[in-house]
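This report sets out selected structural features of the model shown below.

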Amino acid sequence: MRKSNKLRVVIGGLIASLLVTVPFLGDFAKEATGAEPVKIGFHASVTRIAVEMGQAALGAQLATEEINAAGGILGRPIDLIIYDDQCTPSLAAAAAHKMIEKDKVFIATGGTCSGCSIAAGPIFNEAKMPYFAAAVLSPVVSVPLKKYVFQMPFTSEAQAPVLLDFARKTHAPKTLAILQRGGAYGKSVSDAFIKYLPGYPEMRLLEVLEYPEIATDFSSHLLKLKALNPDVVLTAGTMVADGIPIFRRAEELNYRPKWVCDLGISDDHVRQAVKKSMDGIYCAWGMAGCNVDTTTNKRIADFRMKYKERFKPKDPMEPSQTPGWGYNAIYFIKFLIEKVGKFDQEKIVAEAERVTDWTGPGLMVSATFTLEKHYHLNLFVKHYLPDGWEETLERTKEGDWKVIDKAKRY
Amino acid sequence: MLKRMSTNKWKVGVLVLFVAFIIIFYPKIFGWYWAFVLVLAGCYFLGALGYNILLGLAGQVSFGQAAFFGIGAYTSSLLILLLDFPAWASVFLGGLFAGIIAYPIGIPALKISGHYLALVTLAFSEGFVVIFHEWVSLTEGPYGLKVPLTTFGPWDLKTEALYYFVLVIVGILAFTAYNIDRSCIGRAFKAIRDGEVAASSLGINLMNYKTMAFAISGFYSGVGGALLALATRCIMPWDFDFRLTIALLTMVVVGGLRSTIAGSALGAVLLTFFPEWTGKLLEIKELMYGLLLLFCFLFLRGGIVGGLARAKDKIGARKQLRPFSGIRHGNA
Amino acid sequence: MVEKIISSTRLSIICFLSDMPILFDVIITGIGAGVLYGLVGLAFVLILKATNVVNFFQGDTCAFGAYLTVFFAAQLHLNLPLAVGLSILSAIALTVFLEFVGLRPLYKVSIIQVVIGTVAISMIMRYLIRLYWGPQVVPFPDLFKDIPLKIPGIPLGSATVWMMILATLSISGFAIFFKYTRWGTALRACCQDRSSASLMGINVGAMMSLAWGLSGAIGSIAGIAGAHMISVYPEMGIIGLKGFVASILGGANSIPGALLGGVILGVLENLSGFYISFAFRDLIAFIIMIFMLIVRPSGLLGKPVVRKV
């Protein structure tokens, strides 16, 4: 045989043996336990797009291991089954079907891309399976009201008035523009801004500029913004991978508007990458800072330590916000089941309806269920200051914002 | 020799009956979840079939298949949602509309070919994704279109009823494709694929047949998309982007470009089921998929069907080379 | 939807008429982005010309170049020029290896089949990148910190300006290479007619590897330059799609065409986004491209392939 043919056969043999053996590797990882495990399904965007959101699955894994080490839920260990939906709604729908029919999970949770939860929600609702969407903010997930679908984080509709308030308080703008990322989450934030804008009659929306989910160049958007010259630019749906080029380009184009940003940009990766460009910006934030020893922050510092110990991430900036949301979701399910006292899906759903303020070991100070009940207490705002300092602000019950943390990040 | 021929026919007959039995009783044997996966495979099979007709039969390089899939999905879903059409009519009309939209693509295909046609069709396809995304009043844009549960006769189209509904439609369309393949339309396509200039000098009207190829291909993909919408009940604009085209392309090539029905079917089934078989390790799925493709690429020239054919030839040849077995199973 | 288009067109026409310097900025930044697409397209065209293969893992080669630079610079702490040089060399090694092992045997058999091979390699590369560096965005060292090159009045970052210089150098380099060196002439011969070239004594296999190696080099350079424009994350291979569009638009058998196609794509995107609508930016750009191809079916600078009967 010619040399290249021999090589081909060797490689082919290697591939074939991998194909045959690897699928079974996962099965050996399970050990037999005493009581029958309770299955919880968790779908997340583990690969491909929005993978920083998919890290919620890791948080869920950490929570599962902790709970199982402490005896499980009512004596039964959790069997956490993670599904990768690749931020693609059709795969999320397939995962939902799998959870219901193949693995027959007891409770479904997860959801890191709004579009996926929007697709999966009706499937769970129809199958009467409780579904707690862990990390999606678009209100469309739980609206129209579906009995079995709950949404845990604050929704985009919560972010919008908070950010508009902030904009009014700090910049008193007369004109606004929205930079919107394509996709369900971006649209939900943008729609929320538009919905709440009539409550701020002095502000006028000039334009909504969209960019696709995977975008390669923002110069025309920034130039248009420069031409329109709004007093404040709101971002809707921007994620880490877009945030860095946007700020870099803005710097190159000599354009420094007053940004007020939603959740996706307030990530250490962005801040580290663009440093000064973010000075002066206000962003929504879902997890408080961790250098001041308040009760909330100590919990977060603990979580970060546990996460680092368990997963040993190469990246020192991890964990970001999202693992906490997955961690939260599992602990919340434990809380619900223990409150009800038995494994009854209908009762659990009824109990979830009643919860209005849960301050479990998780990192969201309260939980949001359905549009009617959401409130804004767990939404923090980060204010980036020069020289790497940043402040975290929390809203008091009276409606003012007070600084709860100030730290130097770089 | 007559005896040998009839035993062969027996063997094939039994095999066909066995496969048919499995397919017909699939939901009962393997459960609803796997039947659902087979339904998805069926939808992709139709898409791959359309692609195969365009690429394998007619030789037109197109990267735009996903658009037709999407047009069929959105059209049929909207007909069900807004106008309350019955399921079978919506699916058919969805495919028809996709075919009508595909028809005019054949016209630039006269002047443009090869890589350039690939780009034109790609541009066309991505353009439709933008339309699906932006025409919010019609398609609900990024929030996705939710297809309500429809009925066919007295049955709700979910679980088993859905399976048989899809099975019947796939069966009819596959049979039609088989007939197209063997008809003069099919021969004209093959002639165009093998040599356009020669074909046209033989009197084959290139414009008619090229546009027809796109239209038929569009129809098949449209029906596939419409059925997918019925199965997953939620469609979003980026379900139909370039990645879907690549997925369909891999199904066609892995199955075998030269074999229309069997190739597309094998490719679609294998590549839809494969992620389900790769066990629990999530991150590995992409790697496994890639390895599978690589394996097929390295060893299966002409796809699975091509590989099987070559294997059969090799076995047949080896049998003939052995002198004594030549006497026992000799050619008369 | 129609009202959206009309209202934003009205607004933008006002902008257009009132602000000419902005038009200049829009076009220049479009050229800047376009040069990146053109560089990726250049790598595409090299392979397309030599082997007629559409390389679906081109974008991932670019990603690989960027990630390797991060590895050499940030993790092994080598100085930047050395890091860049090593990553380019590694990219060349990778593409040559892949070509020799996997792709070459099947050129003769079926071009479509090779597509599957490249798709497979793309998936595997993305997986490996994600396995080692994680799915998050990776910080990329600022290569041009010590050699800033900003032209006052032109809104381009120094990375982009350097990239444009690099692109021009590569085009001229390739022109010289193909016209005046032995290897270049041999490669050109292989592109035209492989069997005749081998009859002439040219080692066709080596030429194929050369073509792939060159594309690996250009790809990794594009990735490193592009890391300043788009972030470094496992899916950054999406730039390959733009490169494909750029290369075909410019003419699938024309090397300067790739760069021209990229620039036109970049400028078209920016103009249609700025003046018409951002939401429909891609759609408009694509429609215009389709018309361009209808007018010139073999791309802008491509030579029409004469099909002999």
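In which helix of chain B does Arg187(B) lie? Arg187(B) belongs to helix α10 of chain B, which spans residues 184–194. The model is a predicted one, and the predictor assigns the complex an ipTM of 0.84 and a pTM of 0.86. For chain C the average pLDDT is 82, and 89% of its residues score at least 70.

**Arg187(B) and its surroundings**

Arg187(B) counts as exposed because its relative accessibility is 53%. Apart from neighbours within four places in sequence, Arg187(B) is in contact with Asp181(B) and Arg182(B). The C-alpha atom of Arg187(B) is separated by 24 Å from that of Leu248(B), a residue 61 positions away along the chain.

**Overall features of chain A**

Chain A contains 15 helices and 13 strands. Of its 410 residues, 64% count as buried. Among contacts in chain A between residues at least 6 apart in sequence, those joining residues at least 24 apart make up 67%.

**Backbone with positive phi**

Leu74(A) is not a glycine, yet it has a positive phi of about 50 degrees. This residue is found in the loop of chain A between α4 (56–69) and β2 (78–84). Leu74(A) counts as partly exposed because its relative accessible area is 40%.

A positive phi also occurs at Asp84(B), again a residue other than glycine, with a value near 60 degrees. Asp84(B) is located in the loop between α4 and α5 (87–102) of chain B. With a relative accessibility of 67%, Asp84(B) counts as exposed.

**Salt bridges**

Side chains of opposite charge can pair when their charged atoms come close. Over all chains, the structure holds 23 salt bridges.

| Salt bridge | Closest N and O atoms |
|---|---|
| Asp191(A) with Lys187(A) | 3.1 Å |
| Lys347(A) with Asp344(A) | 3.8 Å |
| Glu196(B) with Lys210(B) | 2.8 Å |

Glu196(B) lies in helix α11 (residues 196–201) and Lys210(B) in helix α12 (residues 206–232) of chain B, so this pair ties together parts that are 14 residues apart in sequence. Both Glu196(B) and Lys210(B) are buried.

The pair in helix α8 (residues 184–196) of chain A has another arrangement: Asp191(A) and Lys187(A) are separated by about one helical turn because they are four residues apart in that helix. Asp191(A) is partly exposed at 30% relative accessibility, whereas Lys187(A) is buried, with a relative accessible area of 13%.

In the remaining pair of the table, Lys347(A) is partly exposed with a relative accessible area of 41%, and Asp344(A) is partly exposed with 22%. Chain A also holds a network of salt bridges that links Arg181(A), Glu213(A) and Asp242(A).

**Aromatic rings**

Phe69(B) and Phe240(B) are both buried. The two residues also belong to one aromatic cluster, whose members include Tyr44(B), Phe68(B), Tyr74(B) and Phe124(B).

**Charges over rings**

In chain A, the charged end of Arg76(A) sits over the ring of Phe343(A), at 4.4 Å from its centre. A second case involves two chains: the charged end of Lys224(A) sits over the ring of Phe274(C), 5.4 Å from the ring centre. Phe274(C) lies in helix α11 (residues 255–276) of chain C and is buried, with a relative accessible area of 1%. Between the C-alpha atoms of Phe274(C) and Gly59(C), which are 215 residues apart along the chain, the separation is 27 Å.

**Contact between chains C and B**

How many residues does the contact take from each chain? Chain C contributes 46 residues and chain B contributes 43. The area buried between chain C and chain B is about 4,000 Å², and carbon and sulfur atoms give 79% of it. Between these two chains the count of salt bridges is zero.

Conventions
Residues numbered from 1 in each chain as written. Chains lettered and ligands numbered in written order. Predicted model: local features only at pLDDT ≥ 70, side-chain atom pairs only at ≥ 80, totals over all residues. Heavy atoms only, no water. Buried < 20%, exposed > 50% of the residue type's maximum accessible area, 1.4 Å probe, protein only. Phe/Tyr/Trp six-rings, centres within 6.5 Å; stacked < 30°, edge-to-face > 60°. Lys NZ or Arg CZ within 6 Å of the ring centre and 35° of its normal. pLDDT = per-residue confidence, 0-100. Contact = heavy atoms within 4.5 Å. Buried area = accessible area lost by both parts, 1.4 Å probe. Salt bridge = Lys/Arg side-chain N within 4 Å of Asp/Glu carboxyl O. Helix = DSSP H or I, 4+ residues; strand = E, 2+ residues; numbered from the N terminus.
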